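This report describes one protein chain for a reader who has not seen it before. The sequence and the model come first, and the description follows.

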Amino acid sequence: MLSRASAVVPCVYQDEEALKTRYVTLDMHDLFYHDSIWQREVTLAGREALREMLIAIRRDNMQIHRLTLLNYSAGKSLNDSAAAERAQVASLKRALIDSAFAEDIIYIEHKRSNNSHLSDCAVNKTHKQRCLTHRKIVLQIN
């Protein structure tokens, strides 16, 4: 029996650090325009931040098998903004794809927040705008 392999190469094991789940928190206030016409579009500064994040991930030799956008909603009383939130998350997904992330590894999960700051916002509608400007999204990188 003859081997057709041109050479024997030792196994290369992935670094455990590269396999860890990492979390990156993004402030939606910094990523999106505040004008009502453009509020669903990622700003140029936001796109640059996403590009820098990708460069940092590559520099750390981190393998990405799944990228989950965890969108924490403020609760039921802010349902009028739920459509806008979902549109922003979809725009963020598109910006990640434009930044060279593969579309088939990006997932979106909408969750209800247990954060007391957001709960206070949901009860008191006068603080609604302030709460919307402090929305965050978490990227879970596996």
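## Helix H4 and its surroundings

Helix H4, residues 82–98, is 17 residues long and spans 24 Å from its first C-alpha to its last, close to the 24 Å expected at 1.5 Å a residue. That expected span is 1.5 Å times one less than the number of residues in the helix. Helices (H or I, at least four residues) and strands (E, at least two) are DSSP runs, numbered from the N terminus. The model is predicted: local features need pLDDT of at least 70, side-chain atom pairs count only at pLDDT 80 or more, and totals for chains, interfaces and linings use all residues. Residue numbers start from 1 along each chain as its sequence is written, and side-chain values use heavy atoms, with hydrogens and water left out.

The buried residues of H4 are Ala84, Glu85, Ala87, Gln88, Val89, Ser91, Leu92, Ala95, Leu96 and Ile97. Buried means under 20% relative accessible area, exposed over 50%, and partly exposed in between (1.4 Å probe, protein chains only). Gln88 lies in H4 and counts as buried because its relative accessibility is 13%. Beyond its neighbours within four places in sequence, Gln88 is in contact (heavy atoms within 4.5 Å) with Met28, Phe32, Gln39, Arg40 and Arg135. After H4 comes Ala100, with a positive phi near 85 degrees.

## The chain and its core

The protein chain has six helices and four strands, in the order α-β-α-α-β-α-β-α-α-β from the N terminus. Of its 142 residues, 33% are buried. Among contacts between residues at least 6 apart in sequence, 80% join residues at least 24 apart. The chain exposes about 9500 Å², and carbon and sulfur atoms supply 52% of that area. Accessible areas come from the Shrake-Rupley method with a 1.4 Å probe; for residues, only the protein chains shown count as cover.

A nonpolar core is a set of buried Ala, Val, Leu, Ile, Met, Phe, Trp, Tyr and Cys residues joined through side-chain atoms within 4.5 Å. The largest one has 23 residues, and Leu69, Leu92, Leu96, Phe101 and Ile106 have the most contacts inside it. Two or more residues of this core come from each of H2, H3, strand E2 (67–73), H4 and strand E4 (136–141). H4 gives the largest share, five residues.

| Residue | Residues touched (heavy atoms within 4.5 Å) |
|---|---|
| Phe101 | Met53, Leu54, Ile57, Ile64, Leu67, Leu96, Ile106 |
| Ile64 | Ile57, Phe101, Ile105, Ile141, Asn142 |

Ile64 is in the loop between H3 and E2. Its C-alpha is 9.9 Å from that of Lys20, although Ile64 and Lys20 are 44 residues apart in sequence.

## A nonpolar surface patch

Which residues form a nonpolar patch on the surface? They are Tyr33, Ile37, Trp38 and Leu44, with about 490 Å² of accessible area together.

Ile37 sits in the loop between helix H2 (28–31) and helix H3 (44–59), and it is exposed, at 68% relative accessible area. Tyr33 is in the loop between H2 and H3 and counts as partly exposed, at 34% relative accessibility. Tyr33 and Leu44 are eleven residues apart in sequence, and their C-alpha atoms are 9.5 Å apart in space. Leaving out residues up to four places away in sequence, Tyr33 touches Trp38, Gln39, Glu41, Val42, Thr43 and Leu44.

Note on methods: Patch = residues over 30% accessible without salt bridge, like charges linked within 9 Å, V, L, I, M, F, W, Y side chains within 5 Å. Salt bridge = Lys/Arg side-chain N within 4 Å of Asp/Glu carboxyl O.
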